[in-house]
Amino acid sequence: ESEVGTVFGCGDPTRTPVPHVCIVFIVLLFASDDMVERILLVKLAALGDAVMASTLVPAIRARWPRAELAWVTGQGIAPLVRSLQGVDRVIEVDEAALLGGRRMAAARAMVRAWGEIGRGWDLALVAHTDARYALLARASGASDIRRFADKRGPRAGRWHGAEYARLLQDNVDAAGDVAGDVAGDVAGDVAGDVAGDVDANADLGVDANAAARPQANSTDPPLAALRTDALPAARIPAGGGALILVAPGGGRNVLRDDALRRWPIISWQSAVETLVADGHRVVAIGGVGDAAEGAACAEAGATDLTAGTSLLELMALIRASDVVVTHDAGTLHLAILLRRPTVALFGPTRPDERIPSGAAVTVLSRANGLACAPCYDGQRYAICASNRCLNAVPSHEVAHAVQSLLSQPRSALRA
């Protein structure tokens, strides 16, 4: 400060001081991105989307290491958000009341949320395409509110984790392109990039009709890291053999039930029977809403924990597993976050939008060659009577893909 003052006459007693000029130049010299002191991130659901949106946390820390970061989240995924390094404060809101359709309940929930959020924020990032979520940031006092829509919205064929991270870019043109794409910038700045840590996407010997893992951007930004003490000890069922987790449900949240993302339960039962016959410990996982699918897998020989674990207990179990088999659902993204080898069943959605580069994920699908696939546009699906893109995947391919992942050196699969 004394050097600046000397240059402009403030620190030299022999010169006439010009205090206002000094103040202006000091502000200009020292004003930067560091002037952003309080950042509000709004991401209530769903589980998988929240995992992908966690790329914002290391990106924010790389750009504004001293800023306060608060994450506004729904009650269902709050335990996940609390487990992430770099989040200073978690603000829970009642997403069921906000979006449940009753206007008075939604209004009361919004007022309560505004009270919890408070004012005085510098930047608000609304990681939702639905404009209703932006209302949560309206009373924050932030002069800069950015929503995951329009020119900042997700672009087709890009991993959504990288697309969420683009919310931090100041200059986005009408086509959604960014000067100095955040994916490359952050990946170079943040240590422990997930993209380079695990790569088990070589030919796994699955059927030629199965979809290969799409080639994603090699500079995909990293997901947030977990706090070292975030997860409890895993409750692992007794027995020998590899621990294989199957997630036959999923695709459900407070707003919708995406049945087209789910493989037929009879196919799950057939796959479980084969895996059990191969000597593996097979455990069905999911949430309370997946109890029917879990019970069906138990009939085929799996241990059913679909309704018996909390979110953090589920994450601990995934971390302890050898392979996870799942749809395009929250369990897929948890497995990627926890760096576990995964077999992912895809139909109407695009794997390249859901899976980052370097993830140990084998994709099985019959979408290739179908004129209608992928049919999900981010909001709705095409009217579909047969769902061939997913239903036509045979159960033996799942068992084959699991065995192929198990045959990989453990050091190549576990980060």
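This is a predicted model: local features need pLDDT of at least 70, side-chain atom pairs count only at pLDDT 80 or more; totals for chains, interfaces and linings use all residues.
1. Residue numbers run from 1 along each chain as its sequence is written, and side-chain values use heavy atoms, with hydrogens and water left out.

2. There are two aromatic pairs (Phe, Tyr or six-membered Trp rings with centres within 6.5 Å; planes under 30 degrees apart are stacked, over 60 edge-to-face, the rest tilted). Phe148 and Tyr164 are stacked, at 4.2 Å centre to centre and 20 degrees between the planes. Phe148 sits in the loop between β5 (144–147) and α9 (160–165), and Tyr164 in α9, 16 residues apart. Both Phe148 and Tyr164 are buried (under 20% relative accessible area with a 1.4 Å probe, protein chains only; exposed is over 50%, partly exposed in between).

3. On to helix α13 (291–299), whose buried residues are Glu293, Gly294, Ala296 and Cys297 (helices are DSSP runs of H or I, at least four residues; strands are E, at least two; both are numbered from the N terminus). These residues share one side of α13 because they cover an arc of only 160 degrees around the axis (taken from the directions from the helix axis to the C-beta atoms). Exposed Ala292 and Glu299 are on the face turned away from that buried side.

4. After α13 comes Gly301, with a positive phi near 120 degrees.
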